[in-house]
Amino acid sequence: KHEMAKAESNVSDGLTLELIRESLIRQEDTIVFSLIERARFPLNSPTYDKSYASSVPGSGGSLVEFIVKQTEAIQAKAGRYENPEEHPFFPDNLPPSQVPPQKNPEVLHPAAMSVNINKIIWDMYFNELLPLFVTPGDDGNYASTAARDLECLQALSRRIHYGKLVAEVKFRDERKDYEPAIRAQDRDTLINLLTFARVEEAVKKRVEKKAMTFGQEVTLGDDGNKGKYKVNPAIVSRLYGDWVIPLTKDVEVEYLLHRLD
Ligand SMILES: C=C(O[C@@H]1C=C(C(=O)O)C=C[C@H]1O)C(=O)O
């Protein structure tokens, strides 16, 4: 099946819609597990409170900002952001990579570099999503909480920015349809071209099922915990329907608008 998709794609770098969809499906596992790990802790609001971390040198904000900035600085030195699939939340003043450059194949148009919607992802995660899937309360585990938040943010960011690859492969497959819309800078036509409603419905159903499967209480003996999940499956489905899929499509459109620059 794979080989067929590859043969159809008539490009040399092996990028196919089928391989991209496989990666997006695999990334659902990472996202669901990272939400489950974060949900072990209650909201722990001091993690996000500027006054709590004000004595941490160089934090400049909350404890979560401190963890994210410091982690991104280390990972930048290790070459993480040389990979076109990775996008920092705080791109300003990141140290350069200190490892030998990797030969990443040039799959995307260079305009892809300027598309980074992590600010929107950050606000969505903390303002809308987090209060929906964690319990209220405070158990004092702020550093662990911030580390789990970073994992959620990175998994969501990678999935949403994968829209660049989705857009590239769709553009190559239907250049004749995309080119006039790009020349006209016509967002609505681009959205219509790249939307597959049936795929989106399947994604939402599958992530709900994954939340039920990965988030069930596994017990030996009586099934007293049946129907209790570590993260509410309906909220995972809503995360995808309301935010992940629309933001992925925003990335696709932003990328395509500059595809012919
Ligand atoms: C990712 C794709 O493109 C679009 C975006 C989707 C998503 O974010 O999951 C799903 C279907 C499409 O509307 C795809 O066609 O597979």
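Modeller: A cavity is a set of grid points where a 1.4 Å probe fits but cannot get out. Keep in mind that this is a predicted model.

Biologist: How many cavities of 30 Å³ or more does the structure hold, and what is the volume of the largest?
Modeller: The count takes in cavities of 30 Å³ or more, and the structure holds one. The volume of the largest cavity is about 40 Å³.

Biologist: Which residues line the largest cavity, and how do they divide by class?
Modeller: The lining is made by Glu 72, Arg 80, Tyr 81, Glu 86, His 87, Gln 154 and Ser 157. By class, the residues of this lining divide into three charged, three polar and one nonpolar.

Biologist: Which helix gives the most to the lining of the largest pocket?
Modeller: The largest pocket holds about 910 Å³ of space. Among the 33 residues that line this pocket, Glu 82, Asn 83, Pro 84, Glu 85 and Leu 108 are the closest to its centre. Helix 2 (17-38) and helix 6 (163-173) each supply at least two lining residues. The one that gives the most, with three residues, is helix 2.

Biologist: And which helix gives the most to the lining of the second largest pocket?
Modeller: That pocket has a volume of about 350 Å³. Of its 20 lining residues, the closest to the centre are Arg 21, Leu 24, Arg 159, Val 199 and Val 203. At least two lining residues come from each of helix 2, helix 6, helix 9 (197-214) and helix 10. The most, six residues, come from helix 9.

Biologist: How many charged residues are in the lining of the second largest pocket?
Modeller: The lining of the second largest pocket has 10 nonpolar and two polar residues. The rest of the division is charged, and that number is eight.

Biologist: Why is helix 10 described as largely enclosed by the rest of the structure?
Modeller: A residue is buried when its relative accessible area is under 20%. Helix 10 is largely enclosed because the buried residues number 18 of the 25.

Biologist: At the start of helix 10, which residue's backbone nitrogen does a side-chain oxygen of Asn 232 reach?
Modeller: The side-chain oxygen of Asn 232 comes to within 2.9 Å of a backbone nitrogen. That nitrogen belongs to Ala 234.

How values were computed:
Residues are numbered from 1 along each chain as its sequence is written. This is a predicted model: local features need pLDDT of at least 70, side-chain atom pairs count only at pLDDT 80 or more; totals for chains, interfaces and linings use all residues. Side-chain values use heavy atoms; hydrogens and water are left out. Buried means under 20% relative accessible area, exposed over 50%, partly exposed in between (1.4 Å probe, protein chains only). Helices (H or I, at least four residues) and strands (E, at least two) are DSSP runs, numbered from the N terminus. A polar contact is a pair of N or O atoms within 3.5 Å; within protein, one must be able to donate a hydrogen and the other to accept it, and residues adjacent in sequence count only if both atoms are side-chain atoms. On a 1 Å grid over the protein atoms alone, a cavity is a set of points where a 1.4 Å probe fits but cannot get out, and a pocket is an open set with protein on both sides within 12 Å along at least five of seven lines; lining residues have an atom within 4 Å of a point. Grid points are joined across faces, edges and corners, and a volume is the space filled by probe spheres set on the points. Ala, Val, Leu, Ile, Met, Phe, Trp, Tyr, Cys and Pro count as nonpolar, Asp, Glu, Lys and Arg as charged, and the others, Gly among them, as polar.
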